[in-house]
Amino acid sequence: MSDRLPIDLAHPDQRIFWLSHPVVGDASFDSFEHDVHNPIYVGEPPFEWPVNAFLFQDPVGRALYAYVGLYPRGYWPAGGCKLLRSSDDGATWEDMGTVLNGDAQMFDGNGQCPGGMPDVSVVYGDGRYHMVYDWCNPDNSDGGIAYAWAERPEGPFHRAKEPIHRESLQPFLEGRYKRVYAPTLLRRENGWLILADMSTPGNAGGTWAMVGFMAQRPEGPYEGPTLLLWPQSRVYLPAPVEAYPAFAHDGYVYAPATSVALNRPFQVIYRARLQGAHRPEAWKIYQCGSVWHA
């Protein structure tokens with residue numbers, strides 16, 4: 001008979017013994033308090049799947065803003081970005097309409113139809129609201145990330161004439177990664193950093209990586225992409241996880257990544273010191289396993 005103390009396998013401290021699988025899922029204790037006012041927005045045709053929201057608190061006016069990516073059922077063809085605003089700390093939300101749309105005559109368009117640009121992030125700095133967003137053209141043969149700015153968080157946002165990144169000009173990284181999307185813009189002491197997902201051509205998926213871009217100014221020019229986390233790297237990154245959006249807190253940047261398998265209650269949170277987050281060796285696993293229930 002063993003003289004060891006029994007192990008309470010249901011206790012969170014013993015989660016090392018639990019199943020933790022990016023496809024099958026993971027047991028969890030969901031510690032988030034879900035707001036009684038949820039959902040704050042429900043999709044409607046033709047964009048039944050509003051996903052990839054970016055939450056922003058305006059440091060000037062203190063209101064909350066949610067920039068919501070507009071997708072149809074099945075994700076394609078993607079639309080623009082919807083803006084919601086709350087002046088009572090999230091109790092109620094006002095629909096501000098579409099804050100970012102494609103343009104048939106710009107780099108996302110084909111002369112007749114605009115492309116999609118659903119996923120954004122916003123940072124306030126030097127009197128302007130700086131936005132980075134992903135884009136694709138109408139037939140999804142090209143895409144990437146781009147920059148826009150506004151004087152107010154509601155816009156209007158003025159799009160740069162040329163994108164930060166085009167898939168059509170990007171050589172393969174590690175023989176498979178080509179399309180950059182889902183960007184997060186971060187301000188650092190020595191410049192600006194974009195963290196983004198990188199996928200196979202046309203964002204067909206199958207495997208994902210997280211990459212970084214650096215610049216002295218938010219509009220660029222940017223250096224990159226540099227691979228930071230990918231399934232073949234030294235840090236564990238399961239192939240079916242995407243990381244968006246990242247956020248900075250107390251000198252660190254956190255990148256929550258969620259499995260895109262059918263069963264999605266599996267996440268990994270990666271963390272790096274903000275000033276060194278452009279280097280692959282700076283990234284570590286902060287928490288592995290389910291953080292919130294699907």
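Guide: Let us begin with a term: accessible areas come from the Shrake-Rupley method with a 1.4 Å probe, and for residues only the protein chains shown count as cover. The protein chain exposes about 15000 Å², and carbon and sulfur atoms supply 53% of that area. Please note that this is a predicted model, in which local features need pLDDT of at least 70 and side-chain atom pairs count only at pLDDT 80 or more, while totals for chains, interfaces and linings use all residues. Residues are numbered from 1 along each chain as its sequence is written, and side-chain values use heavy atoms, with hydrogens and water left out.

Visitor: How many helices and strands are there in the protein chain?

Guide: There are zero helices and 20 strands. Both are DSSP runs numbered from the N terminus: helices are H or I with at least four residues, and strands are E with at least two.

Visitor: And what is the radius of gyration of the chain?

Guide: The protein chain has 20 Å, which agrees with the value near 19 Å that a compact globule of 294 residues would have. The radius is taken over C-alpha atoms, and the globule rule is 2.2 Å times the number of residues to the power 0.38. Along its principal axes, the C-alpha trace spans about 80 × 45 × 40 Å.

Visitor: What share of the residues is buried?

Guide: Of the 294 residues, 49% count as buried. Buried means under 20% relative accessible area, exposed means over 50%, and partly exposed lies in between (1.4 Å probe, protein chains only).

Visitor: What about contacts between residues at least 6 apart in sequence?

Guide: Among those contacts, 47% join residues at least 24 apart. A contact means heavy atoms within 4.5 Å.

Visitor: Which residues does Leu274 touch?

Guide: Not counting residues up to four places away in sequence, Leu274 touches Leu186, Arg187, Arg188, Ala248, Gly251, Tyr252 and Val253. Leu274 lies in the loop between strand 19 (267-273) and strand 20 (284-288). The C-alpha atoms of Leu274 and Ala248 are separated by 7.2 Å, although the two residues are 26 apart along the chain.

Visitor: Is Leu274 buried or exposed?

Guide: Leu274 is buried, because its relative accessible area is 11%.

Visitor: Changing topic: how many aromatic pairs does the structure hold?

Guide: The structure holds eight aromatic pairs. In one of them, the rings of Tyr124 and Tyr129 have their centres 4.7 Å apart and their planes at 50°, so the pair is tilted. Phe247 and Tyr254 form a stacked pair, with 5.3 Å centre to centre and 15° between the planes.

Visitor: What do those words stand for?

Guide: Rings of Phe, Tyr and Trp (its six-membered ring) pair if their centres lie within 6.5 Å; planes under 30 degrees apart count as stacked, over 60 as edge-to-face, and the rest as tilted.

Visitor: Let us turn to the backbone. Which peptide bonds are cis?

Guide: The bond from Gly224 to Pro225 is cis, with omega near 10°, and Pro225 is in strand 15 (residues 223-229). The bond from Tyr244 to Pro245 is also cis, with omega near -15°. Pro245 lies in the loop between strand 16 (241-243) and strand 17 (247-249).

Visitor: What is the phi of Asp89, and of Ala182?

Guide: Phi of Asp89 is near 60°, and phi of Ala182 is near 50°. Each is a positive value in a residue other than glycine. Asp89 is in the loop between strand 5 and strand 6 and is exposed at 64% relative accessibility. Ala182 is in strand 12 (residues 179-188) and is buried at 2%.

Visitor: What about Ser87?

Guide: Ser87 is in the loop between strand 5 (81-86) and strand 6 (94-100). Ser87 counts as exposed because its relative accessibility is 68%. The C-alpha atoms of Ser87 and Arg62, which are 25 residues apart along the chain, are separated by 7.8 Å.
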